[in-house]
Amino acid sequence: MKLSHFRFDLPKECIATTPLFNRDECRLMVLHRKTQRIDMYATDAKGKPLKDKKRKPVFLRFTDILNYFDEGDAFIFNDTKLFPARLFGTKEKTDASIEVFLLRELNAEMRLWDVIVEPARKIRIGNKLFFDESGAMVAEVIDNTTSRGRTLRFLYDGPHDEFIHDLYALGQAPFPPYILDHLTALREAGQPEPELTLDDIQTIYAREEGAVTPATAGMHFTRQLLKRLEIKGVELAYITLHNTLGCFRNIEVEDLSKHKMESEQMFVGAEACRIANTAKENGHRVCLVGTSTAKAVETAVATDGKLKEFEGWTNKFLFPPRPYRFADALIANFYHPASTLLMSECSFGGYDLVMEAYKMAIENGYQFGCFGDAMLILDD
């Protein structure tokens, strides 16, 4: 398919810029892939639409996912954990303000990090960058990797655990670009900014540190909802894929088959394989929570159709008409135009059905983005 197929007009008012107080109270739209049905409204036990006090239809909420899964089904989550990846500092001699976005640690012993820098044109090999007034956190630029990418060596004398603690203490939460743009616009207009923290874009089950962009589909889950799934007999499995900035980079080719995704580190363990494969073998559903989970699972599925243990890197790009090989259901968000996340969603749900759902979402005021509403796609 072509990039232009995934462009659409997204009204500004449809982009959520602040989180809900209760994450699982966002709206839920349910797509049925085989029957091509789209559900937006809640119904009673007899299938009759529910009405509110004003006699208006009641929208489905995220907690309603409980009604679509049974004992023996399995959910697979991405348990990657964000770290405070945005650093602000100054350049030696000129004291010019700079921003460094940490991507990943390359060598713990040598304190080497892969980063993105701004303004890139002014940050060259040999420059020293200062990140605190005491001068304890200093880095030297030792290599260029891409137009904005650099390799930094932090000149820190101390144990690695202490170094990481001090480095992260200086960092800020890596909010998606459209959230940062919104905060900047508020600041420039002299309007109050919402007090957002790292926890606001972290899943409640995050535990494996390494992501620089959030696993947004999982942000709708609360501890109470996870417990209710367990009580119902739904098995919960966890894999890890450390999200990079790739999902926010612009695609520069019209032919999607020529687009190259960034490599991301991933881990699929034996317990996740056991849970997922057992559910499949017993005729139950396996639901993937998020497109990052889908990428990892599709990378680890073997030719016999079973999920296998995997440790390494993936640059798999899921887009239509390439189908998923393992999942029976997918939980996702409403994503921005021309994003790889939308393309991955369409790869599972089908282009026509998903884009029709997006049209309906805009017409009915659904919210897009990491703080927005959710979509459940079922293979029925």
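**Exercise 1. Find how many bridges join β8 to strand β9 (residues 138–144), and in which direction the two strands run.**

Solution. Three bridges join β8 to β9, and the two strands run antiparallel; strands are DSSP runs of E with at least two residues, numbered from the N terminus, and two of them pair if DSSP finds at least two bridges between them. Within this pairing, Lys128 stands opposite Glu140 in β9.

Before going on, note that this is a predicted model, in which local features need pLDDT of at least 70, side-chain atom pairs count only at pLDDT 80 or more, and totals for chains, interfaces and linings use all residues. Residues are numbered from 1 along each chain as its sequence is written, and side-chain values use heavy atoms, with hydrogens and water left out.

**Exercise 2. Follow the neighbouring pairings and state in which order the six strands close into a barrel.**

Solution. On one side, strand β5 (residues 86–91) is joined to β8 (residues 128–130) by two bridges, again antiparallel, and here Thr90 stands opposite Phe130. On another side, five bridges join β9 to strand β10 (residues 149–154), which also run antiparallel, with Asn144 opposite Arg150; β9 and β10 form a hairpin with four residues between them. The whole barrel has the order β5-β6-β7-β10-β9-β8, with antiparallel pairing. The twist averages 45° from one strand to the next, where axes are lines fitted to C-alpha atoms and angles run from 0 to 180 degrees between N-to-C directions.

**Exercise 3. Decide whether Arg23 is buried or exposed, and identify the nearest side chain of opposite charge.**

Solution. Arg23, which lies in the segment before β1 (28–32), is buried (under 20% relative accessible area, with a 1.4 Å probe and protein chains only). The nearest side chain of opposite charge, Asp200, is 5.6 Å away, and Arg23 has no salt bridge, a term that requires a side-chain nitrogen of Lys or Arg within 4 Å of a carboxyl oxygen of Asp or Glu. A polar atom of the Arg23 side chain does, however, lie 2.8 Å from the backbone oxygen of Gln202.

**Exercise 4. Explain why helix α6 (residues 340–349) is described as largely enclosed.**

Solution. Ten of the ten residues of α6 are buried, so the helix (a DSSP run of H or I with at least four residues) is largely enclosed by the rest of the structure. Among these buried residues are Leu341, Glu345 and Phe348. The buried residues pack against α5 (291–300), β16 (329–333), α7 (351–363) and β17 (374–378), where contact means heavy atoms within 4.5 Å. After α6 comes Gly350, whose phi is positive, near 95°.

Conventions. Buried < 20%, exposed > 50% of the residue type's maximum accessible area, 1.4 Å probe, protein only. Lys, Arg positive; Asp, Glu negative; His and termini not counted. Polar contact = N/O pair within 3.5 Å; in protein donor to acceptor, adjacent residues only side chain to side chain.
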